[in-house]
Structure formats: structure tokens, C-alpha cells
Amino acid sequence: MTFPRSFRAFVAAALVVAPLPALAQTPDPAREEPAEVEEPPEPGAGTPRAYAPDWRKGAFLLSVGGSYVVPLGSIASGVTASDLVSGGPGVSVGLGFGLSRHVSFELDGNYGMLGGGEACTGCSGSTLGVGMRLVYHLAQGIAFDPWASYGVGFRTSLVEAPETGAAPEFGIGRSQGIDFARITLGGTFYPHPVFGFGPFLEGTVGSYRLRPDPGTSPSVYGFFQVGLRVTFDPLRGGKVRTPATVAAAF
């Protein structure tokens, strides 16, 4: 069967035009992926900044301090420290080296001059402790540096009685022992990059292994100190000024 030429032309045109409506269809909004919306920053969120430079590692520091020293505990079994001596002024010195951003190692010593005690008002004494400690610094790179330390060391103490007057039978003379726990809390304020000062509290616990009377038994002694420490950190100044110098160059 032969179709007329006009009919065949109509069919061909229909086949060409048929896909156009599908191509011209309007996109379905339901099928489109929603655009990502950036959420606003949380309240109080600041601009992230790089970690502060390390001003402590590899730096040496020197500290000197003055304090009031109070003896506690016993010199030997049955001999209370407060019976022989009482509190007095003290001095301390330390040399430290920074191990990391927050930790330093120190060699230090302290000396205290003691007055007369309750049972021997004419007595006098002194105590010297030397040792080492690790210091943990809560912060670095700011003007105030809170810190805490734990240390151990050697101690020698001397109690002297007057030539006349009553004095306890034991405890007069030199005793030597070990500070097996020396805990200190303090803080240093730096008004200048290389100079700082601040208060400290220190408690020491130990035992005298050598005593004036070998017949006595060892017991636990203690010392409490409250004072002010001055710190010199010469290398800190160069590290603190470095960022400002670099910024000025640009």
C-alpha cells in the first residue's frame, strides 16, 4: 500500500517535533539538591590563631627568694622541733633549665635561721636543704606564670643550746636527713620580659637519718615556708621581642 506524499511528510515532521516538549520541560524543584548554607559562627567564637611560641624550652633562669621558715614535726622520737626551735627568716636560690613548653628542671637550695623553742627559749638553730625538682608551669607566653613543683633533697640542721640554762637532753647538735617530698606552689608576674617576681608557699617532709644521739629513733620532720621569689630569665627577653621585631620588618 502506497501512502500519499503529503501523509509521509506529516509523519516525518511529527517524529522530529515530538521530543521537543520533553526537552523544554520545567525542572522539578523537588528533585533538585538544596544549596549549602553556611552557618553563622557560634557566639563568642574568635578567630583561630596559631599556638604561642615556646619561650621556655632550652632557656636558663635564676631565682632568689626570701621567706619565713617554720619548723614542724620532730627531730627524733620524743623530741618535738617546736620544743627546741621556732620560726625565722630564710633565703633560697635556684637554677633552672626549660625542658618543654610547660616543664623545667631546677637545682635549688634554701637556708633558714631558727629562734628559741618553747622548752628552750635560749636555743637557736639553722637548717640547710639542697636538692632538685621538676616545675610545672600552667601557662607560658603571658605576663603571669602560675607554677607548682615537686622535689627531693638532702638536709642538715643544727640546734645549739645556751651554755647555761635548762635544755632538752636529746636533739641538741647536728642532724642530717632526706627531704623526700618538697611541694611548692607559686606564681611569677613579669613586668619586664627578663624579670619577674611573685609569692610562693612551700611544704617539706623528711626524716633525719643521722641524729646527735644515735640511741633515738628517727621520726618525721617538716618545714613550712611562705615568701617572695625574684626570677631572672635572660633568654626569655630575646624570644619575647622576636615576634615584634619580625612584625616591624614588614
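Which residue in β10 stands opposite Gly73? The points below answer this and cover the strand pairing and the aromatic side chains.

1. Basis. This is a predicted model in which local features need pLDDT of at least 70 and side-chain atom pairs count only at pLDDT 80 or more, while totals for chains, interfaces and linings use all residues. Residues are numbered from 1 along each chain as its sequence is written, and side-chain values use heavy atoms, with hydrogens and water left out.

2. Strand β1 and β10. Gly73 stands opposite Tyr221 in β10. β1 and β10, the latter covering residues 220-232, are paired antiparallel through twelve bridges. Strands here are DSSP runs of E with at least two residues, numbered from the N terminus, and two of them pair if DSSP finds at least two bridges between them.

3. Strand β1 and β4. β1 spans residues 60-76 and also pairs with β4, residues 88-98, in the antiparallel sense, with ten bridges. Within β4, Val93 is the residue opposite Val64.

4. The hairpin. β2 (residues 79-80) is antiparallel to β1 and joined to it by two bridges. Ser74 has Thr80 of β2 as its bridge partner. Two residues lie between β1 and β2 in this hairpin, and Gly78 in the turn has a positive phi of about 80°.

5. Aromatic pairs. Rings of Phe, Tyr and Trp (its six-membered ring) pair if their centres lie within 6.5 Å; planes under 30 degrees apart count as stacked, over 60 as edge-to-face and the rest as tilted. The count by this rule is six aromatic pairs. One of them joins Phe189 and Phe197, edge-to-face, at 6.0 Å centre to centre and 85° between the planes. Phe195 and Phe197 have ring centres 6.2 Å apart and planes at 40°, so this pair is tilted. Ring pairs connect Phe189, Phe195, Phe197 and Phe232 as a cluster.

6. Buried means under 20% relative accessible area, exposed over 50%, and partly exposed in between (1.4 Å probe, protein chains only). Phe189 is partly exposed at 37%, Phe197 is partly exposed at 33%, and Phe195 is partly exposed at 30%.

7. Charge over a ring. The charged end of Arg229 lies over the Trp147 ring, 4.5 Å from its centre. The criterion is NZ of Lys or CZ of Arg within 6 Å of the ring centre and within 35 degrees of the ring normal.

Note on methods:
Helix = DSSP H or I, 4+ residues; strand = E, 2+ residues; numbered from the N terminus.
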